[in-house]
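Q: I have a structure here that I have not looked at before. Can you walk me through it?

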Amino acid sequence: MNFFEIIAQTFAQSGFAAMTWQQGVMILISFVLLYMAIKKGFEPLLLLPIAFGMLLANLPLAGLMYDATAEGLAWYNSGVLRIIYMGVKSSLFPCLIFMGVGAMTDFGPLIANPISLLLGAAAQFGIYVAFTLANFLGNTITYDGKPLFTALQAAAIAIIGGADGPTAIFLTNRLAPELLAPIAVAAYSYMALIPLIQPPIMRMLTTEKERKIKMDQLRQVSKTEKIIFPIVVTVFCVLLLPSVAPLIGMLMLGNLFREAGCVERLSDTAQNTLCNIVTIMLGTTVGATADGLVFLQPQTLGIIALGLMAFCFSTAGGVLLGKLLCYITGGKINPLIGAAGVSAVPMAARVAQAEGRKANPTNFLLMHAMGPNVAGVIGSAVAAGFLLLMFGK
C-alpha cells in the first residue's frame, strides 16, 4: 500500500467522509452560539456548554451519545454523554438545579411586594398561547401520516414559554419524552438569549416616560418571614398540585438552606459546587441532544418556532400587566419589571435593570425585578403542575 492509498483509506474512515449536511449545519450553529457566549457574553454559563455539547454530538463517528441499550447492550457501554444524559431523562438534574436556584435567590423582594405574584403569573401567558396554537397545528397538519403534535406534545411544547429549562425538562419527561431533545434545547437556548430577545419587546410596549420611572425602596423583610415563606409555599403548592413536589420542594429546600442561618455549608454547596457541576453536565448533554440527523425535521423546527413565540408572548404579558399596574398605582410601578416575570433567574431581572438604566441612568430596578422573577419560577412550576393535572397519565 503506497502513501496515497494510506491517505485515501484514512480519509475514508474518518469523520470527514461520514459527515452529513445536517451535521454540518448543526456544527455551524454551534459555532454561532459559542461566539455569542464568548464574545457577546450572552449567559455563557448556559450557552457555552450547550453549544459545545451540540458541537460534540455532531462530530461523526465520535459516539459520545451512542445508546448501547438500544442494541440490547449494558448501559455502561453507551457513550459518555449518553450516560450523563440519564440525569436529564430522569429529571434528577432539573431538581438539583432548582435546589441551587433556591439557595442562590433572595425571596425578600417577592415577600416585600406581593403584587409581584401577579406579574409572575402574567408572564406565563405565552405558555397558554403556545399550547393553543400547537394544539391547533396538531389538529390541522399531518407529518408522516400522523398529527404534527398531539395534545400531550402541545402541552410539553407550551412550557417553553415559561423560560424555565428545568421545568421544561421535568414536564416533557412526563408528557412527551420523545420530544425532550428539541424542547430542552429550545428552552435553554432562549433562556441564554434573553438579553437578545426581550429588550426589543420591552421597548416596543413601553414609552420612554414609563421606562424612566423610579420605584420606591422595598421594605425590609424580617428573617422570620424569609424562613416561614418557603415552608408555607411548599405546603400550599404541593397540597394544591402534588405533581410539582419535586420542583417546588427542591426550590424551597435550597432557599431554606440559605435563610435558616444554621447550615451555611449546605447553602454554600448548593449555591456553588453542586449547582456548577450539574450545570456543566446538564448544559453539555442538552446541547448534545441536538443531533443534526434527527434535529432538522419539520416537527423539531416547529417546536423551535413555537417556543420562541411562547417566550415573546410571556414577555409581552408581563410588560402589559406592568403597564396596567403602572396606571392603577399612578406611575409607581415601572412596567419593565413585568418582563422579569419569566422564570430565568436572575437573567430576566438583569435585563429589566439594564433597560431601566438606559432610559434613566439613576434607575435601580434590579431588586424590584427580582420579585416577579422569583414569582415566575413558582408560576412556571405551577403551570407545569396544572398541565400535568390536565394531561398527565
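**A first look**

A: The side chain of T206 comes within reach of the backbone oxygen of M202, at 2.6 Å. Keep in mind that this is a predicted model.

Q: Where is T206 found?

A: T206 sits in the loop between helix 13 (194-205) and helix 14 (208-211).

Q: Is T206 buried or exposed?

A: T206 counts as buried, because its relative accessibility is 7% and the cut-off for buried is under 20%.

Q: What does T206 touch, not counting residues up to four places away in sequence?

A: With those left out, T206 touches R211, V319, K323, P335 and L336.

Q: Changing topic to aromatic rings. How many aromatic pairs are there?

A: The count is five aromatic pairs. In one of them, F107 and F229, the ring centres are 5.7 Å apart and the planes are at 85 degrees, so the pair is edge-to-face.

Q: Which parts of the chain does that pair link?

A: Distant ones: F107 is in the loop between helix 6 (92-104) and helix 7 (108-112), F229 is in helix 15 (residues 223-240), and the two are 122 residues apart.

Q: Are F107 and F229 buried or exposed?

A: Both F107 and F229 are buried.

Q: What about F125 and F313?

A: The ring centres of F125 and F313 are 6.0 Å apart and their planes are at 65 degrees, so this pair is edge-to-face. The pair also links distant parts of the chain, with F125 in helix 9 (residues 125-140) and F313 in helix 19 (residues 298-328), 188 residues apart.

Q: And how do F125 and F313 count for accessibility?

A: F125 counts as partly exposed, at 41% relative accessibility. F313 counts as partly exposed at 34%.

Q: What is the lining of the largest pocket like by class?

A: That lining has 25 nonpolar, six polar and four charged residues.

Q: And what volume does the second largest pocket have?

A: The second largest pocket has a volume of about 540 Å³. Among its 29 lining residues, M65, Y66, R82, A288 and D291 are the closest to its centre.

Q: Which elements give two or more residues to the lining there?

A: Helix 4, helix 5 (80-89), helix 12 and helix 18 (292-295) do. Helix 5 gives the most, with five residues.

Q: How does the lining of the second largest pocket split by class?

A: There are 19 nonpolar, five polar and five charged residues in the lining of the second largest pocket.

Q: One more. Why is helix 11 said to be largely enclosed by the rest of the structure?

A: Helix 11 (residues 165-175) has 11 residues and 10 of them are buried, so it is largely enclosed by the rest of the structure.

Q: Which residues in helix 11 are buried?

A: They are G165, P166, T167, A168, I169, F170, L171, T172, N173 and L175.

Technical notes:
Residues numbered from 1 in each chain as written. Predicted model: local features only at pLDDT ≥ 70, side-chain atom pairs only at ≥ 80, totals over all residues. Heavy atoms only, no water. Phe/Tyr/Trp six-rings, centres within 6.5 Å; stacked < 30°, edge-to-face > 60°. Helix = DSSP H or I, 4+ residues; strand = E, 2+ residues; numbered from the N terminus. Buried < 20%, exposed > 50% of the residue type's maximum accessible area, 1.4 Å probe, protein only. Polar contact = N/O pair within 3.5 Å; in protein donor to acceptor, adjacent residues only side chain to side chain. Contact = heavy atoms within 4.5 Å. Nonpolar A, V, L, I, M, F, W, Y, C, P; charged D, E, K, R; others polar. 1 Å grid on protein atoms, 1.4 Å probe; cavity = no way out; pocket = protein on both sides within 12 Å on 5 of 7 lines; lining within 4 Å. Points joined across faces, edges and corners; volume = space filled by probe spheres on them.
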